[in-house]
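Subject: Structure handover

Hi,

Here is the structure I promised to pass on. Please load it first, then read my notes below.

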Amino acid sequence: MEQNFLLLAAIVFFPMLGAGISYLAGRKDKTLRDRVAGCVTIVEFLLLILLLITKGAKEASFVLPGVCGMGLSFETEGFRAMYGAIAAFMWMAATLFSAEYFAHYRNRNRYYLFLLVTLGATEGIFFSADLYTTFVFFEVMSLASYVWVAQDEHAPSLRAAATYLAVAVIGGLVMLMGLFLLYNQAGTLTISELHDACAGKNVYVAAGCLFFGFAAKAGAFPLHIWLPKAHPVAPAPASALLSGILTKTGIFGILVISCKILLHDWKWGTFVLVLGTLTMVAGAVLALFSVDFKRTLACSSVSQIGFILVGIGMQGLLAEENALAVRGSLLHMVNHSLFKLVLFLVAGVIFMNVHKLDLNEIRGFGRKKPLLAAIYLAGALGIGGIPLFSGYISKTLLHESIVEYTEALETGALAQGVFGVSDMKIIEWLFLISGGLTVAYMCKLFFAVFVEKNNDAKVQKKYDGMSGSYMKPVSAAALAVPAALFPLMGILPHQTMDKLADMGQGFCGLAENPHTVAYFSLTNLKGSLISIAIGALIYLLLVRTWMLKKQPDGTTVYVNRWPRVLDLEDYVYRPILLTAVPAVCGGVCMVLDNAVDLLAKLLPIAGSVEAGFFDTITDSVIVFLRKTIYQDSPQPHELEEGNALTHVCGRIVNRAVALLNLTIWRRHPKKKDYEHTFALAYESFKENTGIIGRSLSYGLILFCLGLCGTLIYLLISLLL
């Protein structure tokens, strides 16, 4: 038992130790650093394999008491061991590929340091035994992976990294509030105890807060905004891990809520199903319109996360009869992780050779590169759900779970729920159409890169000349090995995919699988064939006509037809959260501050003392925040006062008053400079609103709003 304890401890903390060793090695020798990092990930993968094959190791656990206040606790079972091994395998492949990809990059030491720290944090999440430990490692993972997005340090990278960090921090704050509520109601955060502790209690608000934090990391709509922005600017190996594994830590949290806190809850299942359907469709549409290779893959990740959420939603709706949904969700998690490892590394091969990702610029790169084309096709056919590839198995299970629920509604076997038969038919068709969109955008990438020729003949000749030197053998192995798994698992699903599902289903409350699925029966093939037909029509009628624009010289170029006004970050979140909310809150704070001053003047002496006390406290807090968190910029008197509007208005008022004094009033009062008065008033308003604006990056406003919501919720609970 002690050996199992040490094995689990090593899995979580060995990569973090290896991060420090690789950093020190990199200060002396860059090649040595690459080898140390590669060895750390190989050893980590071997430790996970040992965990999977060691008798009794899958029931190991250990606790670090007193760490971070409440202590950290870890445990393992089938699902955790399986996904920990998948994470280690992906890190190993990405790290080995990074040696060639980063050959000419700056700040490689920093990259490898945070790469390995994030590996340890990710394993800590999957093996966490309570939600407090999950939260601690979740925040470590988010902050460490921020460096990946900002690696290039260019303006787009820093902007995307800021968006990523903002979503992560805000999600973390809301998740923390959910932990407070859950602990208050259940009395425990231990994952294995949550089902019994939450039985008969209304924990929807706590679950909703937790879901917000986990969904933000998973990339669920409408919190998906960081994915399309972060992936195009992050290094390709980092993108593979961000999309393939870090999003699954969010799904892990959602599974905890759905399978441990609200197991078989049809209301919760309905909520997750609706959100999953929106995510599935929105991501597929965004991917279809994109003309950037990595952005297409990023939007595709949003859509595939939607497929997984649909399966989790169906678990709640089907209750005890949810075997198809449970197994489909788990297998699509595994599939998507491996698909995105392969596809993003293919994008990495393209980028490290031509340093471009726009489809019009990389057009024709893959011609005369059969190995790269085969690797891409394996991933594309898999994610498209084509029969004989692994994605077909998981999508078939998900589709059949929808069909099973629809049939149960038709026969009256299930009476609970807000969805009728017609509603479920709509969801089924949205599922099939999203699968068709997946086929269409993966065809778009394949034909653009591997079939069509570049519009510039000289560029095409250059691309063709790279056929024997575009990647090294180690990089080729890092891509080819996982790609070879897709047809293997698709052709032998009972010997491979079903075994993985058997290993993980216990975590979702499924003791055994009552279904024997004939994956290649005509009934099950029908759904896949419908999606393929839809995808072919979309590609031929939409992509090849509307999205390809003919040039005067007879060539064609891919055009991004997506309206910029539909960009949620640029046209909704930033204008509202970074402009409107700070302005409104700043105005409210200014009014309240002036109201306290007015109250102090109007009340009697005793009241004045009391009001003055609160006014002093308010001012002291503001001064403290300015000198610590907010880090004030130069004060207004150090800068030019006012703006053009205040100066113009002030001068007009000055002249109007002077004219009135000379004509109507015929008196000469003490002259007042309204231009200066208006300028000072403007600077005061700008200063107050600026304080809130600067703090928004750290999520403090959302924290305050969430705290107010919590207090209101507690008050309502007491009244009821």
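I start with a charged cluster. Glu75, Glu77 and Arg80 are joined in a network of salt bridges. Keep in mind that this is a predicted model.

**Overall**

The protein chain has 720 residues, and 54% of them are buried. It contains 26 helices and 4 strands. Take the contacts between residues at least 6 apart in sequence: 80% of these join residues at least 24 apart. The salt bridges in the structure number 7.

**Salt bridges across the chain**

One of them pairs Arg327 with Asp498, at 3.7 Å from N to O. Arg327 sits in helix 13 (residues 323–354) and Asp498 in helix 20, so to speak distant parts of the chain, 171 residues apart. Both Arg327 and Asp498 are buried.

Glu452 deserves a look of its own. Its side chain forms a salt bridge with Arg363, with the closest N and O atoms 2.6 Å apart. Arg363 is in the loop between helix 14 (359–362) and helix 15 (370–383), while Glu452 is in the loop between helix 17 and helix 18 (457–464); the pair therefore ties together parts that are 89 residues apart in sequence. Arg363 is buried, at 4% relative accessible area. Glu452 counts as buried too, because its relative accessibility is 12% and the cut-off for buried is under 20%.

Glu452 also forms a salt bridge with Arg544, and here the closest N and O atoms are 2.5 Å apart. Arg544 lies in the loop between helix 21 (522–543) and strand 3 (548–550), so this pair ties the loop to the one between helix 17 and helix 18, across 92 residues of sequence. Arg544 counts as partly exposed, at 32% relative accessibility.

**A buried lysine without a salt bridge**

What is the nearest side chain of opposite charge to Lys444? It is Asp292, and it is 9.8 Å away. A polar atom of the Lys444 side chain does lie 2.8 Å from the backbone oxygen of Leu288.

Lys444 belongs to helix 17 (residues 421–451). Leaving aside residues up to four places away in sequence, Lys444 touches Ala287, Leu288, Phe289, Ser290, Thr296, Leu359, Tyr539, Val543 and Tyr558.

**Helix packing**

The axes of helix 3 (residues 78–101) and helix 20 (residues 497–504) come within 6 Å and cross at roughly 125°. That angle makes helix 3 oblique to helix 20. Helix 3 makes the contact through Gly78, Phe79 and Met82, and helix 20 through Leu500, Met503 and Gly504.

**A buried valine**

Val302 is in helix 12 (residues 293–318). Val302 is buried, with 1% relative accessible area. Not counting residues up to four places away in sequence, Val302 touches Gly219, His224, Leu227, Thr279 and Gly283. The C-alpha atoms of Val302 and Gly276 are 9.8 Å apart, and the two residues are 26 apart along the chain.

**Backbone geometry**

Most residues other than glycine have a negative phi, and most peptide bonds are trans.

- The peptide bond from Phe221 to Pro222 is cis, with omega near 0°. Pro222 is in the loop between helix 8 (204–218) and helix 9 (226–233).
- Ala319 has a positive phi, near 55°. Ala319 sits in the loop between helix 12 and helix 13. Ala319 is buried, at 15% relative accessible area.
- His355 has a positive phi, near 55°. His355 lies in the loop between helix 13 and helix 14. Is His355 buried or exposed? His355 counts as exposed, at 56% relative accessibility.

Best wishes

Terms used
Residues numbered from 1 in each chain as written. Predicted model: local features only at pLDDT ≥ 70, side-chain atom pairs only at ≥ 80, totals over all residues. Heavy atoms only, no water. Helix = DSSP H or I, 4+ residues; strand = E, 2+ residues; numbered from the N terminus. Buried < 20%, exposed > 50% of the residue type's maximum accessible area, 1.4 Å probe, protein only. Lys, Arg positive; Asp, Glu negative; His and termini not counted. Salt bridge = Lys/Arg side-chain N within 4 Å of Asp/Glu carboxyl O. Polar contact = N/O pair within 3.5 Å; in protein donor to acceptor, adjacent residues only side chain to side chain. Contact = heavy atoms within 4.5 Å. Axes fitted to C-alpha atoms, helices over the stretch in contact; angles between N-to-C directions. Parallel < 35°, antiparallel > 145°, perpendicular 65-115°, else oblique.
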